[in-house]
Amino acid sequence: MLNRFMQSRLRGLMVLALILIILPAFLGNPFHYELVIQMAIIAATVVGLNLLVGFAGQISLGHAGFFGLGAYFTGIATGTYGWSSVPALVVGAIAVGIIAWVVGRPILRLKGHYLSMATLAVGFIIAIILNNERAITGGPDGMPVPALDLFGWELSTFGQYSLFGLDISGVQAWYILVSVVLLLAVWFAQNLIESPIGRALRSVKGSEVAASVVGVDTAKYKSLVFVISAIYASIMGGLYAHFQGFITPAVASFEFSILFITMVVLGGMGSTLGVILGAVVLKLLPQVLADFQELETVMFGLILMLTMIFMPKGLLPTITAIVSKRMRKKAGGEA
Amino acid sequence: MLAEFLQYLFTGITIGATYALIALGFTLIYNASHVINFAQGEFLMIGGMATVSLTAMGVPMVFAVVLAVILAGVLGIALQRFAIAPAKQADVVTLIIITIGASIFIRGIAQMVWGKQYHVMQNFSTNEPIQVFGAVLNSQSLWVLGVGAVMVVALVLFFTKTLIGKAILATSMNKEAARLVGIRTQMVLMLAFMVSALLGSVAGIVVAPITFTSYDIGIILGLKGFVAAAIGGLGSGVGAVVGGLTLGIVEAMTAGYISSDYKDAVAFSMILLVLFFMPRGLFGAKVVERV
């Protein structure tokens, strides 16, 4: 009974929920919370990117472009035009989805390195526009973003709130919010993967020609997953803008795009929990390496190279493979 | 009017020649191993920075250049031997991340050794600009064009006249068959990375007096080179040269006549346009996918 439950697709979600519930016991100060909240926001973004990269087998080196568009849409709508957050996030997601669909149709015909080039170009163009349209975006200096308001209830990182009689701080409230959002992101992704759409996507990854021969409209499904992953990025970008309270075009930069795709590959393409682990590791690494000061960049590059050379399948799939091999050996020995 | 146009054209051709050399480096490695080397720009940086610091230590210019080029070549071999070769059967994305890791690593070392500030290199010959129909031509531009042309001719001769060059071509066409006729393909791959690094570092050295140099110039120059290679069609030598020059000229014209703020957007809009209509670039080979 328990075994069958563990095999189900909810297993990953349960493990994640458990971690998110236990984690606050280890978070000592607001700085820890901030780090974990940023991690969760970015993790949800890469869960969306993983649908495109890990399941449909398409590369995107420009995903921060959509993240940045979402962040700036929210920032401008709430800050300059006084919208409240929820409509800003929703309309932003729709707008970014449409943009992704328009550019995705022609781009996704490309393959391999040409696709990586084209997505890289889209990301760069978005970043350059955000940098140069100073009147709207504040240019390279960035722009302030008001606190998140949920149906008239303002959620500021500096606020004090009470939940079921418990006093919680602003960062703790944010922690609860992003935890729920991350779980929703994972839940949606897992359901999508198990749906007919997910099967169609995996067939595209396996062999695009074979998929189209058996009647899968490969162009349609590729565009669809591209749009979905862009919407993930847009919503998370909007939340990120609210949480940080200040955004610069760096959120749409090439470096950020590379960070996203690296999280996917490092954690384990096609593994939802894996890419979350990738996000956690790559977000923690600079904190750990900060002690090395001058050596920080060198160490980062070295670790990146070594992990990818020796664990080309990514952290989580490699670890699971080793663990299950050990278990099987043990089980075999006992029998 | 004419002077203005000529001015932009000179600027465009000069920077375009640099892009062409970087694109050739990409092409070479792509042909030999089907890897897109995101660390290509770092070879330029190493070339320029090493030359600047060696001359500052009192090494004569010629020796400084030779040493810098050798350093880059060794780096190219090391990159293939220690980062690419061990990853053998990895995915396209995984290989991209490995080369990105390598470029961060190299940049990190450069930052430790040379610091974060900009470095200035003297023109090779006179600082006196040359007047052509009212336009001003930096004498260093002639060096860039001349050296670029020599490199292209040398590459053509290398691939058509020498045994080693032909071995690289053979490996790029069919690795298994090349091994069967006795070509040591691992050596050939290292060689391809080395030649690519040499090309990059030479480009980095000749262009340094114009653009200045710092530890992080490799990122954007490398990407522009990748754009140039993709415009021309990955794997095509002619394409790399045409792509590089076209990109340089269009960029300079946009900066001059339209807006210098959007100069960097030109490269990326251009590559999208080209790929929309020609998914394999201008000179890319038609590939039939085998199922």
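Predicted model: local features only at pLDDT ≥ 70, side-chain atom pairs only at ≥ 80, totals over all residues.
Chain A contains 15 helices and 6 strands, while chain B contains 11 helices and 2 strands. The two chains touch through 34 residues of chain A and 37 residues of chain B.

**Chain A as a whole**

- The radius of gyration of chain A is 20 Å, close to the 20 Å that the globule rule gives for 335 residues, so chain A is as compact as a globular protein of that length.
- Taken along the principal axes, the C-alpha atoms of chain A occupy a box of roughly 65 × 50 × 45 Å.
- Of the 335 residues in chain A, 47% count as buried.
- Among the contacts in chain A with a separation of 6 or more, 75% are between residues 24 or more positions apart.

**Chain B as a whole**

- Read from the N terminus, the elements of chain B follow the order α-α-α-α-β-β-α-α-α-α-α-α-α.
- Chain B has a radius of gyration of 19 Å, close to the 19 Å that the globule rule gives for 291 residues, so chain B is as compact as a globular protein of that length.
- The C-alpha trace of chain B spans about 60 × 50 × 35 Å along its principal axes, and 51% of its 291 residues count as buried.
- In chain B, residues 24 or more positions apart make up 76% of the contacts with a separation of 6 or more.

**Where the chains meet**

- On the side of chain A that touches chain B, at least two residues each come from α6 (112–132), α10 (208–213), α12 (254–267) and α14 (296–310) of chain A.
- The helix that gives the most to this side of chain A is α6(A), with 11 residues.
- By residue type, the side of chain A that touches chain B consists of 24 nonpolar, 8 polar and 2 charged residues.

**A pair of helices in chain A**

- Two packed helices are described by the angle between their axes and the distance between the axes.
- In chain A, the axes of helix α3 (residues 30–55) and helix α11 (residues 218–244) come within 7 Å and cross at roughly 170°.
- Because angles over 145 degrees count as roughly antiparallel, α3(A) is roughly antiparallel to α11(A).
- Residues of α3(A) in this contact include Ile37(A), Ile41(A), Ala44(A) and Leu52(A), and those of α11(A) include Val225(A), Tyr232(A), Met236(A) and Phe243(A).
- The contact between α3(A) and α11(A) has 16 nonpolar residues, 3 polar residues and no charged residues.

**Two helices of chain B and their surroundings**

- Helix α3 of chain B (residues 61–84) has 24 residues, which at 1.5 Å a residue should span 34 Å, and its end C-alpha atoms are 33 Å apart, which agrees.
- The buried residues of α3(B) include Ala64(B), Val65(B), Leu75(B), Gln80(B) and Ile84(B).
- These buried residues of α3(B) pack against α14 of chain A, together with α1 (2–33), α2 (40–56), α4 (92–114) and α8 (185–211) of chain B.
- Helix α11 of chain B (residues 263–277) has 15 residues, which at 1.5 Å a residue should span 21 Å, and its end C-alpha atoms are 22 Å apart, which agrees.
- Among the buried residues of α11(B) are Asp264(B), Val266(B), Phe268(B), Met270(B) and Leu275(B).
- The cover over the buried residues of α11(B) includes α6 of chain A, together with α9 (217–232) and α10 (237–258) of chain B.

- Met151(B) is placed in helix α5 (residues 139–161) of chain B, and it counts as partly exposed, with 19 C-beta neighbours inside 10 Å.
- Not counting residues up to four places away in sequence, Met151(B) touches Leu21(B), Leu199(B) and Val202(B).
- Although Met151(B) and Val202(B) are 51 residues apart in sequence, they are 8.9 Å apart in space, C-alpha to C-alpha.
- Arg179(B) belongs to helix α7 (residues 175–180) of chain B, and it is partly exposed, with 15 other C-beta atoms within 10 Å.
- Arg179(B) and Phe268(B) are 89 residues apart along the chain, and their C-alpha atoms are separated by 39 Å.

Key
Residues numbered from 1 in each chain as written. Chains lettered and ligands numbered in written order. Contact = placed C-beta atoms within 7 Å. Helix = DSSP H or I, 4+ residues; strand = E, 2+ residues; numbered from the N terminus. Nonpolar A, V, L, I, M, F, W, Y, C, P; charged D, E, K, R; others polar. Rg over C-alpha atoms; globule rule 2.2 N^0.38 Å. Buried ≥ 20, exposed ≤ 12 C-beta atoms within 10 Å, placed from the backbone. Expected span 1.5 Å × (residues − 1). Axes fitted to C-alpha atoms, helices over the stretch in contact; angles between N-to-C directions. Parallel < 35°, antiparallel > 145°, perpendicular 65-115°, else oblique.
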